[in-house]
Amino acid sequence: MAAGVGPGEQPPPLPPPALKSRCAQGSRGAQPLDSWKEERTRSEEDNELHLPSLAAAYTTILRALGEDPERQGLLKTPWRAATAMQFFTKGYQETITDVLNDAIFDEDHDEMVIVKDIDTFSLCEHHLVPFVGKVHIGYLPNKRVLGLSKLARIVEIYSRRLQVQERLTKQIAVAITEALQPAGVGVVIEATHMCMVMRGVQKMNSKTVTSTMLGVFREDPKTREEFLTLIRS
Amino acid sequence: MEHQPGGADVQCYYNGDVQYPCHKGFSDLHCEMRRALKQYKLEQCSQEEEEGDMLPALEDAYTTILKGLGENPARQGLLLTPKRAAKAMQFLTKGYQETIGDILNDAVFDEDHDELVIVKDIDMFSLCEHHLVPFFGKVHIGYLPRKRVVGLSKLARIVEIYSRRLQVQERLTKQIALAITEALKPAGVAVVIEASHMCMVMRGVQKMNSRTVTSTMLGVLREDPKTREEFLALIKN
């Protein structure tokens, strides 16, 4: 039973976050962006269309760095790098609706469900350099549960974009909220930012931890503590 | 370098045509240091100028990339990203501007030592030249001196020079080994690199825990299995 809620009582529903268009993505302090019902900004056709200009941009980069794009090892690099970058940002092509695939089930379960140690790979939107880490997700179902791999797929959609770790954490939490209307959601991300490790301050062992707690995870300290203990062990 | 006594308050040292006035009471060493610092700053300025010249082209390229990926380069989080990404990329490839001669800094010493010298677990960060995606790991270097040893941090600096480039791990390993060989002419050199390639982890086959290990053994470390074994055992612990 959810802590802090009396027997027979339903936990208060989470208020739905405001719908925002994708173009508003990133304004700090604003409501969490992408609603799970929004349209894609990119399609496979767009990818094919833009590949030549991306490859040309990478050729320029190679020359500007003092390399020779004609040498054997770099001959196809602009195309490979462009395709790789499109893969790293494929989250723009996907929506939550696609990914959830109706894998929402009615289940009379009201204890915490946790999926932890989900590997995440994202790109820092400030330096276009990867940050990698682990995501831990917990939610308290309200008669509806989600296929477990779908939590990992939600992480994939939002992490395969140009991101800021704080926003990524919030987007995952909000997506689960909108999909399931659970009693509460907790998301914790612990990541290493290559922009801090490979350049700048160059602190090898630094990790950044962000969390978003919604609903009963935010209001009830015992539930939150249970979640944090379970992800730590 | 001539020492020309100047007026009552000034001593002047000549370096070719350039005069570096030193204040009365400052030692020769201090004047040398000031001269070297001035020369270094001039060189840094010209290097920074070159990098600065390339920055607009890099920024434009990154703006194109952001647009091509479907993002909006005018939004707040991405406004300065082309500049930051360009500078980051220049930093990550700064090895092209450096040479071994610069960094060794004459830190090669005559020492009657003929046992293995190992510097291990040197963190290394490089860029895969095929996908322009980082790979990083650890470098272990061992060499058997022949009367000459090198300052230990210089081994790490050699790693830095070659790793801050667009690289292939095999080539990186060999370049480090050859650089040490040319600098010291030791009896043998061994370099082992163990790295994780983001191009394999973040995309493609997506194998999270895969590691690539490459090694180069030269001289006695190649010919004599016992020496090689000693090196490999010592880096394992």
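**View 1. The interface of chain B and chain A in a predicted model.** In this predicted model, 46 residues of chain B touch 49 residues of chain A, with contact meaning heavy atoms within 4.5 Å. The area buried between the two chains is about 4200 Å²; buried area is the accessible area (1.4 Å probe) that two parts lose on being put together, summed over both. Carbon and sulfur atoms give 72% of that area.

**View 2. A salt bridge between B:Glu129 and A:Arg71.** Here the closest N and O atoms of B:Glu129 and A:Arg71 are 2.7 Å apart. A salt bridge is taken as a side-chain nitrogen of Lys or Arg within 4 Å of a carboxyl oxygen of Asp or Glu. B:Glu129 sits in the loop between strand 5 (117–128) and strand 6 (134–144) of chain B, and A:Arg71 in the loop between helix 1 and helix 2 of chain A, so the pair joins two chains. Helices (H or I, at least four residues) and strands (E, at least two) are DSSP runs, numbered from the N terminus.

**View 3. Helix 1 and helix 2 of chain A.** Let us now look at helix packing. Helix 1 (residues 44–64) and helix 2 (residues 77–88) of chain A pack at an angle of about 125°, and their axes are 8 Å apart. Axes are lines fitted to C-alpha atoms, for helices over the stretch in contact, and angles run from 0 to 180 degrees between N-to-C directions. This makes helix 1 of chain A oblique to helix 2 of chain A (angles under 35 degrees count as roughly parallel, over 145 as roughly antiparallel, 65 to 115 as roughly perpendicular and the rest as oblique). Among the residues that meet are A:Leu51, A:Leu54 and A:Tyr58 of helix 1 and A:Trp79, A:Ala82 and A:Met85 of helix 2.

**View 4. Helix 4 and helix 5 of chain B.** Helix 4 (residues 152–163) and helix 5 (residues 169–184) of chain B pack at about 135°, with axes 10 Å apart. Helix 4 of chain B is therefore oblique to helix 5 of chain B. The contact includes B:Leu155, B:Ile158 and B:Tyr162 from helix 4 and B:Leu172, B:Ile176 and B:Ile180 from helix 5.

**Notes.** Residues are numbered from 1 along each chain as its sequence is written, and chains are lettered from A and ligands numbered from 1 in the order in which they are written. Local features need pLDDT of at least 70, side-chain atom pairs count only at pLDDT 80 or more, and totals for chains, interfaces and linings use all residues, while side-chain values use heavy atoms, leaving out hydrogens and water.
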